[in-house]
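Morning, everyone. Please have a look at the model on the screen before I start.

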Amino acid sequence: MVLLTVFFVGSAIISSAQSQTITGKVTSSEDNLGLPGANVLIKGTSRGTVTDADGNYSIEVTSGDATLVFSSIGYATTEVPVSGRTVINVVLVQDITELSEIVVVGYGSVKKSDVTGALSRVTADVIQERPTQNLFQALQGKASGVHISSNFKPGELPIVRVRGNRSLEASNEPLYVIDGIPLISGTINDISPNDIASIEVLKDASATAIYGSRGANGVVLITTKKGTTNQTNITYNGSVSLDSYKSLTDWMNGGQYIDRWRLSLMNGGLYGTAQFTDFNTPVIPGYPDPDEDISRMGLAQDPVAMESVLMGYEWEDEIGGTVRMRPSTAEEKAMGWPDQVPVYNSANIRSYDWIKDATRQGITNNHQIAISSGSETSNLYLSLNYFDQLGVQKDQDFERFTATINGELRPTDWLLAGASLIASHSVQNYGFLGPNTSNTGSKDLYSRATEQFPYALPKDQNGNWIRNPGGNLSLWNPLIDIDQAANERRASSIMASLFSEIKLTPWLRYRVNVGSQIRNYRVGSWTGPEATSHLTNRPNTAGYSNEERFSWVLENLLFIDKTFAEVHKVGITLLQSAQKFRQESINARVSSTIIDINYWYDLASNLNGTPDGYGTAFTENTLMSWMGRINYSFMDRYLLTASGRYDGASVLAPGHKWHFFPSFAVAWKMHEEDFLSGISWLNELKPRVGYGVTGNSSVAPYTTSGPLSRNPYVFGSNAAISYLPQLVRNPLLAWERTAQLNIGVDFSILRNRISGSLEYYEANTSDLIMPKALPAVSGYVSKLENVGKTRNRGFEITLSTVNIEKSDFSWTTDLNWATNKEEIVELLNGKQDMLAQRWFIGHPLQVYYQYENDGIWQNTAADLEEMSKFNANGHRFYPGTIKVVDQNGDYRITADDMFLKKI
């Protein structure tokens with residue numbers, strides 16, 4: 001105790017001898033006013049304070065050699081040595097890093113403050129916040145105006161829409177550009193999200209028009225990671241996550257299901273113990289009876305399921321023998337029940353959890369090892385990624401290996417060269433999928449499990465599969481197909497690109513980009529000898545298909561960047577581009593396979609001796625482009641961007657292959673005007689207006705030349721093949737065009753503590769490529785024409801806030817909100833709807849067109865009277881049936897009573 005006392009006293013003396021109080025004031029360089037809430041921290045420690053409302057502070061240091069760190073949101077951090085001083089005043093300079101951030105805009109990059117179009121950006125930090133299998137999942141909810149539909153099947157890509165759908169028949173997918181090279185042959189699944197440095201989504205036509213015919217649906221620019229300068233980093237990124245289904249449905253057990261079924265039979269007059277008069281008179285409930293259950297519910301078809309239901313009764317001997325009876329109560333006798341009724345308790349009915357046996361604990365592994373290195377003349381980035389997702393459904397999983405190499409070399413001041421290689425191999429077990437996918441009803445393992453009878457079991461007492469549990473011949477045991485059906489999809493992809501850039505003068509650069517992509521995609525399907533016949537599926541079948549895609553892109557670019565009289569800054573980009581895409585495929589399918597363990601690797605081993613079907617296919621197309629863009633800035637305050645692109649697509653008709661797509665945008669940095677200079681809390685205010693035209697040529701090759709269809713027929717007693725015209729040749733078929741107006745404003749206030757943007761847009765698409773049906777007597781069935789119009793209008797709000805920013809803790813919030821009104825303006829016949837295709841003027845492309853339900857008809861005087869009016873016109877409504885809304889009030893439910901509901 002004495003030693004401890006001496007120690008504490010000694011410490012106090014030493015501390016007192018070295019401590020000193022530092023005071024001062026922190027002011028802003030903009031207005032020389034005090035900065036409230038600025039952080040003052042002793043470097044190397046966690047001790048600090050904040051300034052008061054006038055910017056004053058006071059802090060105690062224990063050493064005259066200490067260093068104070070001053071920081072505040074929106075200002076550059078400043079370090080000041082104490083050096084024995086007791087008064088230290090500091091002026092903090094505004095930090096414009098955020099506004100000076102470089103963003104990619106397509107064929108180049110600009111400062112964020114100089115962006116004139118509608119753009120959303122997501123950085124690598126945001127992408128890696130959560131484990132994802134593709135960048136779409138990382139992008140979901142992070143970019144306003146970008147709608148991404150969820151898809152939880154391992155290895156499947158969701159549907160992405162930028163500001164709604166525009167085309168009725170052509171593609172609505174955005175264009176993806178990876179390090180400047182358009183993604184043509186590959187897919188986003190071939191890229192690991194861990195290798196992505198940033199994603200920029202170009203949304204309005206003033207930004208996307210530089211991609212011409214490919215920019216109508218938005219452009220997603222993906223920049224991969226590069227090597228770091230003057231350092232070498234080896235990093236490991238890894239995550240393991242667990243997945244499971246959480247059903248929002250309160251599923252009935254076996255007893256509840258049987259009770260509900262029995263009640264419905266009674267109400268329908270189909271259960272013998274109930275007293276049924278007619279559909280308009282309430283039924284007098286009956287008692288449960290095992291014989292009625294067996295005959296009315298078809299239980300004899302499945303003895304195991306029948307045994308489950310009979311467990312709800314008590315028996316004198318064995319189940320199914322003599323049922324134990326009990327006396328009826330007075331209330332039961334008043335309902336017409338006999339003196340003795342079976343002893344019944346639905347809680348004793350056996351139940352089986354089908355969902356549990358169809359699912360499992362899903363596990364996702366995502367691991368990456370990356371090496372980044374560089375010097376003043378070169379840099380290199382190497383990454384190896386492994387992704388493995390064990391699906392929640394027992395027949396689904398996805399595994400992917402990805403390797404990425406990025407390198408740049410600058411041997412001289414005037415030469416820059418680089419190369420990129422992304423290689424990917426993936427295996428996806430898609431899960432059981434019957435061949436007749438157009439049928440309604442459940443298709444995958446999980447949905448099939450949810451529709452099974454809960455009182456039925458998958459196997460009998462001997463462990464043999466029950467093919468139709470519950471005896472319903474339309475319901476097949478889904479658990480059988482886990483091991484008796486397979487659908488495996490393998491993909492191997494290589495995306496390679498090279499570039500070289502020569503600096504001809506200080507203001508003139510030439511760059512050439514060369515990109516090549518090849519992807520091999522194989523699908524193997526198989527059903528074993530015990531496979532069920534769900535959706536017309538057949539046992540002992542196998543199929544094999546293989547598809548190879550190859551494409552190349554060549555781009556020549558000229559960049560001019562010049563400043564005149566110190567206030568006129570001009571940037572010019574000129575482009576000549578060409579690309580080619582080639583695809584070929586082969587497929588075959590057989591039945592009555594001999595050896596089931598061969599899967600799809602020995603199709604010749606079948607009892608028929610020939611395949612059920614086979615075929616090959618080939619297609620190719622080309623695209624050529626010329627583009628020019630000018631970026632002009634006056635006094636770094638007034639901004640103008642104008643571009644024009646001239647595209648030619650081989651898939652369109654001669655004479656209409658080429659089209660010009662212009663755009664322009666202007667922006668005004670209002671915060672730099674003198675009349676706003678006195679507003680200290682305003683950091684950025686930049687209104688923007690843009691307009692542009694983009695195109696869409698996403699039609700299949702050769703459709704404009706009048707393709708033929710192959711048709712087999714019998715000529716006498718011999719088999720023959722004929723070719724019939726499939727589409728009328730249309731020499732006038734041209735581009736779909738989208739003209740889009742965008743009005744926006746970027747803002748930042750309170751030293752960049754709150755920043756964001758507001759957008760309004762309107763996109764009008766015309767000359768839609770649509771098939772027009774023709775009379776069969778003409779020899780043709782349809783013709784592609786440029787008819788129809790659609791429109792998309794909407795608002796977008798993006799808001800970012802810095803709530804807390806300390807040296808050891810920060811809290812930021814990113815919010816976005818968007819609305820889009822999508823509507824069809826014109827169709828084949830102008831303002832006339834097309835009911836068969838479910839296309840309606842003034843409504844979105846996807847709608848529900850159906851009857852409107854208003855509950856269930858009841859056994860009330862009002863409902864009975866109303867039903868009689870419908871039944872007088874041939875309907876058969878009664879209490880318990882669905883009440884369909886009579887939209888026109890004629891007491892007839894016809895197609896005229898169907899209504900539209902947006903999806």
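This is a predicted model: local features need pLDDT of at least 70, side-chain atom pairs count only at pLDDT 80 or more; totals for chains, interfaces and linings use all residues.

Residues are numbered from 1 along each chain as its sequence is written, and side-chain values use heavy atoms, with hydrogens and water left out.

Cores. A nonpolar core is a set of buried Ala, Val, Leu, Ile, Met, Phe, Trp, Tyr and Cys residues joined through side-chain atoms within 4.5 Å. Buried means under 20% relative accessible area, exposed over 50%, partly exposed in between, with a 1.4 Å probe and protein chains only. The largest core has 25 residues, and Ile258, Tyr313 and Tyr455 touch the most other members. Two or more residues each come from α6 (254-267), α8 (303-310), α10 (354-358) and α11 (445-450). Helices are DSSP runs of H or I, at least four residues; strands are E, at least two; both are numbered from the N terminus. Another core, of 24 residues, lies apart from that one; Val146 and Ile222 are among its members.

Now helix α13, residues 861-871. Which of its residues are buried? Asp863, Met867 and Phe870. They sit on the same side of α13, because they cover an arc of only 50° around the axis, taken from the directions from the helix axis to the C-beta atoms. Ala861 and Ala862, on the other side, are exposed.

Last, the sheet. Four strands run β3-β2-β5-β6, open and antiparallel. Strands pair if DSSP finds at least two bridges between them. β3 (48-50) and β6 (78-81) are the edges. β2 (39-42) and β5 (67-71) pair over four bridges, and Leu41 stands opposite Val69 in β5.
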